[in-house]
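Subject: Structure for you to look at

Dear colleague,

I am handing over the structure below, and after it you will find notes on what turned up when I went through it. Please read them with the model open beside you.

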Amino acid sequence: MLYFSIPLGKLVRRVSRLRGGGSALPGLVVEKIDPGFMRRTLSTLPHGVAVVSGTNGKTTTTKMVVELLESQGLKVFTNRTGSNFTRGVAAALLGEVDWRGRLDADVAVLELDEAHAVHFVNSVPPRYSLLLNVLRDQLDRFGEIDKTAQLLQHVAAKTTGTVVLNREDPRVARIADTLTGQEVRYFGLDDSLLSTFPNDDDMRAAPGSPVPSALPAKPPADVVLRRVGPDTADFEYDGVTVTTGMRLRGVYNIFNAAAALSLARSICGGGAATADHATLLTALSQVEPAFGRGESLTVDGQPLDLVLVKNPSGFRLGLKSFPAGGYATMIAINDNYADGRDMSWLWDVDFDSLRNGGVDQLSGSRAYDMALRLQYDEVPVGAVQPDIAPALADFIHEAKGRPKRIFCTYTAMLAIRRELSKITTVEVVS
């Protein structure tokens, strides 16, 4: 089966790419005809497999971990297309293995959707897992938030080595209590930053709710984010606080950098004696945003920030990270499968910060739902056009000479990037 499945998978991959098909199709074919393909291929890696999962930040965090490990001289396999289902991993493997199924890599770092991570770890137990957060997202797929926490708990239980957990997310931190035999590490925040990164319970608490008089003691963290500046950040590890420049934009990306540092340190062996921390920090300072995740473009000589939003926490932090002053604003909301069908979460986002400048353009299949939501927060809206192509063209034309920002769901972001690729005056800045 080995010598048959790989050539067939590579053939399907080539045909699919020529036809402009989906990146995961070859993986789906190989999964059907050779279910052991991923386990067989990934089990040969010297440093094993690391899985990155959680509600928000998987793509950018995975990109950071990969670049940090590469700075240490490791050859890293990853699912770079961002297809975070098991078939996406299989498809990415087909692009990297030779005709005999051999993968030239030291370690695999894989971004996995919470539900598909469960299927993956049942087949390929990871040596490392990094669990970022649990937030209300795509309730039509995952059900309630505690179900998502159970999915991540299963990933942790299947991990054979080190589990890295978000100390500040109670549902993630509690996973440690269920583990037996795994090493547990944490990444965390300085107390002064906790209000910037509310967990799901904090966001849904009534204003003025009392704080419990006795909070449980927090475990020490391997890496702590101490400060976030406009283009720098302070991290503490091994008892030392270091400052590094950051090209990544968005406060949420900077917190995820602490997570990436902790996982990279674990894979490299942990302490100061095994990882070249100066090189790690240099690599971290040079990481660019992942596709559509706080990506900065230049259109007609003006910056355009593309901000992916898919749940209340992500939208709130996006609004906080990309302030409104002087910017023209567009919001594009779709409800395709990859976005999640249930858009009721928009009512959990506070849009007061948009009130003064307003929103210039609304688009996407749920543009009118977004218009209604903004009306309740008394945010003025310039135009509503569900069709993204003409809406984007109008937005760029009407906001000529002004910096721009677009908040968009996943499939809306893909449509916007497609349209922007047709404009000759677009330049990718980061």
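This is a predicted model: local features need pLDDT of at least 70, side-chain atom pairs count only at pLDDT 80 or more; totals for chains, interfaces and linings use all residues.

Two strands are taken to pair if DSSP finds at least two bridges between them.

Strand 3 covers residues 107-111 and is joined by three bridges to strand 2 (residues 76-78), the two running parallel, with Val-76 standing opposite Val-107 of strand 3. Strand 1 (residues 49-53) also pairs with strand 3 in the parallel sense, here over four bridges, and Ala-50 stands opposite Val-109. Five of the five residues of strand 3 are buried: Val-107, Val-109 and Glu-111 point one way from the strand, while Ala-108 and Leu-110 point the other way.

Helix 4, which spans residues 58-71, is mostly covered as well, since 10 of its 14 residues are buried, among them Lys-58, the run of threonines Thr-59, Thr-60, Thr-61 and Thr-62, and also Met-64 and Leu-69. Just after helix 4, Gly-73 takes a positive phi of about 90°.

Asn-253 is found in helix 11 and counts as buried, at 2% relative accessibility. Arg-265 has its place in helix 11 (residues 251-268) too and, with a relative accessibility of 2%, is likewise counted as buried; its side chain makes a polar contact with the side chain of His-277, at 2.7 Å.

The next topic is the aromatic residues. The structure holds five aromatic pairs, and the pair formed by Phe-315 and Trp-345 is tilted, with 6.3 Å from centre to centre and 55° between the planes. Phe-315 lies in helix 13 (residues 312-321), whereas Trp-345 lies in the loop between strand 12 (328-332) and strand 13 (359-363), so the pair ties together parts that are 30 residues apart in sequence. Phe-315 has a relative accessible area of 0% and is buried, and Trp-345, with 8%, is buried as well. Ring pairs also bring in Phe-351 and Phe-407, which are linked with Phe-315 and Trp-345 into a cluster.

Strand 13 pairs with strand 14 (residues 381-385) in the parallel sense over four bridges, and Ser-363 stands opposite Gln-385 in strand 14. Together with helix 14 (residues 367-376), these two strands make a right-handed β-α-β unit.

Helix 15 (residues 388-398) has Ile-388, Ala-391, Leu-392, Phe-395 and Ile-396 as buried residues. They cover an arc of only 130° around the axis, which means that they sit on the same side of helix 15. The face turned away from this buried side carries the exposed residues His-397 and Glu-398. At the N-terminal end, helix 15 is capped by Asp-387, where a side-chain oxygen lies 3.4 Å from the backbone nitrogen of Ala-389.

With best wishes

Definitions and conventions: Residues are numbered from 1 along each chain as its sequence is written. Side-chain values use heavy atoms; hydrogens and water are left out. Buried means under 20% relative accessible area, exposed over 50%, partly exposed in between (1.4 Å probe, protein chains only). Rings of Phe, Tyr and Trp (its six-membered ring) pair if their centres lie within 6.5 Å; planes under 30 degrees apart count as stacked, over 60 as edge-to-face and the rest as tilted. A crossover is right-handed if, with the strands pointing away from the viewer, the path from the first strand over the helix to the second runs clockwise. The arc is that of the directions from the helix axis to the C-beta atoms. A polar contact is a pair of N or O atoms within 3.5 Å; within protein, one must be able to donate a hydrogen and the other to accept it, and residues adjacent in sequence count only if both atoms are side-chain atoms.
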